[in-house]
Amino acid sequence: MRSKVMERSDVMRRPRSAIMITMKLLVLHGVNLNMFGQRDPAHYGSATLADIDAALQRLAGELGAELECFQTNHEGALCERIHQAHRD
């Protein structure tokens, strides 16, 4: 009986496009990170969370990955989003 695990030789025979898998990334921004660029720019810098998210999206696009950014000031919401990602 043949194993369900794909062997290397199986992968090597397949066209490259048939084995491409899109990586899905979830970035979790926690408490107060929505204040980037607003709170004490001399200390924390002037980049906003939107700027950071945009840079991450560009990088993900270059790497062929899907990226979702999520920010909340509520720890429970972070836990719920992790659980949702596991179900997705």
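Is Leu26 buried, partly exposed or exposed, and what is its relative accessible area? The points below take up this residue and then its surroundings in the model, which is predicted.

1. Leu26 is partly exposed, with a relative accessible area of 30%. The term applies because partly exposed covers the range between buried, under 20%, and exposed, over 50%. Leu26 belongs to strand S1, which spans residues 24-29.

2. The search of the whole structure for salt bridges returns 1. In a salt bridge, the side chains of Glu68 and Arg81 meet at 2.6 Å, N to O. This pair links distant parts of the chain, 13 residues apart: Glu68 lies in strand S2 (residues 66-71) and Arg81 in helix H4 (residues 75-87). As a general point, side chains of opposite charge can pair when their charged atoms come close.

3. The two partners may also be described by their accessibility. Glu68 is partly exposed, at a relative accessible area of 35%, whereas Arg81 is buried, at 7%. Arg81 is called buried because its value of 7% falls under the 20% limit.

4. The largest pocket has a volume of about 210 Å³. Its lining includes Leu26, Glu68 and Arg81, and among the other lining residues are Lys24, Ala85 and Asp88. At least two lining residues come from each of S1, S2 and H4. By type, the lining of the largest pocket comprises 4 nonpolar residues, 5 charged residues and no polar ones.

Conventions:
Residues numbered from 1 in each chain as written. Predicted model: local features only at pLDDT ≥ 70, side-chain atom pairs only at ≥ 80, totals over all residues. Heavy atoms only, no water. Helix = DSSP H or I, 4+ residues; strand = E, 2+ residues; numbered from the N terminus. Buried < 20%, exposed > 50% of the residue type's maximum accessible area, 1.4 Å probe, protein only. Salt bridge = Lys/Arg side-chain N within 4 Å of Asp/Glu carboxyl O. 1 Å grid on protein atoms, 1.4 Å probe; cavity = no way out; pocket = protein on both sides within 12 Å on 5 of 7 lines; lining within 4 Å. Points joined across faces, edges and corners; volume = space filled by probe spheres on them. Nonpolar A, V, L, I, M, F, W, Y, C, P; charged D, E, K, R; others polar.
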